[in-house]
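Colleague: I'm new to this one. Can you put it up on the screen and take a few questions?
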Amino acid sequence: MSKKPDTSIKRRDFLRAAGLGGAAGAAAMATGIGSAAAATPDRAADGGYRETAHVKKYYETARF
Amino acid sequence: MTESGSLAAQAIPEEDALRAHYYWFLGRLLAAPADDSVLAIASDLSGDDTELGQALGALSKVANALSPGDVKEEYHELFIGLGRGELLPFASYYLTGFLHEKPLAKLRADMGERGIARADDIKEPEDHIAALCEMMAGQIRGDFGAPVDLYDQRDFFAAHLASWAGRFFEDLEAAESARFYMPVGTIGRIFMKIETTAFEMVN
């Protein structure tokens, strides 16, 4: 399962050339990232839209 | 799997952090009408001369031109409507013509194995494009446990996004009601192509 170094470099260079890092203001795109488990519901009055993320980590509970 | 979860981001390569940002942003744009904070972010974007960069510029331009009310109405027409919107952004719909089909069942099984759960108050099926983008972002970053390696990311992408997401984003670009969400479609379409090509380099 080890990645060949030259494959990783090729992929990294491709992603950079494709423009992933080329956006000014793009750091703000990540606002709220990683807070999926902590988000609280915020329903708009008319449509039921919510600010919560769609997914969260699944916690397995202990079984006896 | 029973960790309480750390808020600190786990160290991942820069290019993968950027991928996660794009997935996360697309998820936010598609989960609900763009609110003031999302519009502010969109308005401040500017891109380089790549196709992706140009699409960001187009989004920024339209974000500056439209009001939050316009955008909310547009989202309604595209995705909510009366009963249904112009588009149904679900894997099951794109792959079978119906909602709640095998693609959703497959996804749920995969989510179970990967330690991903649907948030408690979300009523839509999990095979919504916004949820899938969120799942990719979370797996890249390690929000559901350790960061998922590129092979497993590729498998998830191949199983749940590759066969339909590009078409959805094209439909969004072409949708009659789309003004703000048209460049969202462009960004999504280009990003899906980038992901597909980049995953081909994983072996």
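Colleague: Which exposed residues does the face of helix 6 of chain B turned away from its buried side carry?

Modeller: One thing to keep in mind is that this is a predicted model. The exposed residues on that face of helix 6 of chain B are K102(B), A105(B), A109(B), G112(B) and E113(B).

Colleague: And which residues are buried in helix 6 of chain B?

Modeller: P103(B), L104(B), L107(B) and M111(B) are buried there. They lie on the same side of helix 6 of chain B, because they cover an arc of only 95° around the axis.

Colleague: What do the buried residues of helix 6 of chain B pack against?

Modeller: Their packing partners are helix 5 (91-96), strand 1 and helix 8, again in chain B.

Colleague: How far apart are the end C-alpha atoms of helix 6 of chain B?

Modeller: They are 18 Å apart. That agrees with expectation, because 13 residues (102-114) at 1.5 Å a residue should span 18 Å. Just after helix 6 of chain B comes G115(B), with a positive phi of about 75°.

Colleague: Stepping back, how many helices and strands are there in chain B?

Modeller: Chain B has ten helices and one strand. In sequence order the pattern is α-α-α-α-α-α-β-α-α-α-α.

Colleague: What about the radius of gyration of chain B?

Modeller: Chain B has 17 Å, which agrees with the value near 17 Å for a compact globule of 203 residues. Along the principal axes, the C-alpha atoms of chain B fill a box of roughly 45 × 40 × 35 Å. Of the 203 residues, 48% count as buried. As for contacts in chain B between residues at least 6 apart in sequence, 60% join residues at least 24 apart.

Colleague: Now the other chain. How many residues of chain B are in contact with chain A?

Modeller: On the chain B side there are 54, and they meet 39 residues of chain A. Several elements of chain B supply at least two residues each, including helix 2 (36-43), helix 3 (51-65) and helix 7 (129-141). Helix 1 of chain B gives the most, with nine residues.

Colleague: How do the residues on that side of chain B divide into nonpolar, polar and charged?

Modeller: The side of chain B that touches chain A has 32 nonpolar, 13 polar and nine charged residues.

Colleague: In which sense do strand 1 of chain A and strand 1 of chain B pair?

Modeller: Antiparallel, over three bridges, with residues 55-57 forming the strand of chain A. Within that pairing, K56(A) stands opposite A117(B).

Colleague: Which residues does P183(B) touch?

Modeller: Not counting residues up to four places away in sequence, P183(B) touches A55(B), A58(B), L59(B) and V62(B). The C-alpha atoms of P183(B) and P125(B) are 25 Å apart, and the two residues are 58 apart along the chain.

Definitions and conventions:
Residues are numbered from 1 along each chain as its sequence is written. Chains are lettered from A and ligands numbered from 1 in the order in which they are written. This is a predicted model: local features need pLDDT of at least 70, side-chain atom pairs count only at pLDDT 80 or more; totals for chains, interfaces and linings use all residues. Two residues are in contact if their C-beta atoms, placed from the backbone, lie within 7 Å. Helices (H or I, at least four residues) and strands (E, at least two) are DSSP runs, numbered from the N terminus. Ala, Val, Leu, Ile, Met, Phe, Trp, Tyr, Cys and Pro count as nonpolar, Asp, Glu, Lys and Arg as charged, and the others, Gly among them, as polar. Two strands pair if DSSP finds at least two bridges between them. The expected span of a helix is 1.5 Å times one less than its number of residues. A residue is buried if 20 or more other C-beta atoms lie within 10 Å of its own, exposed if 12 or fewer, and partly exposed in between; C-beta atoms are placed from the backbone. The arc is that of the directions from the helix axis to the C-beta atoms. The radius of gyration is taken over C-alpha atoms; the globule rule is 2.2 Å times the number of residues to the power 0.38.
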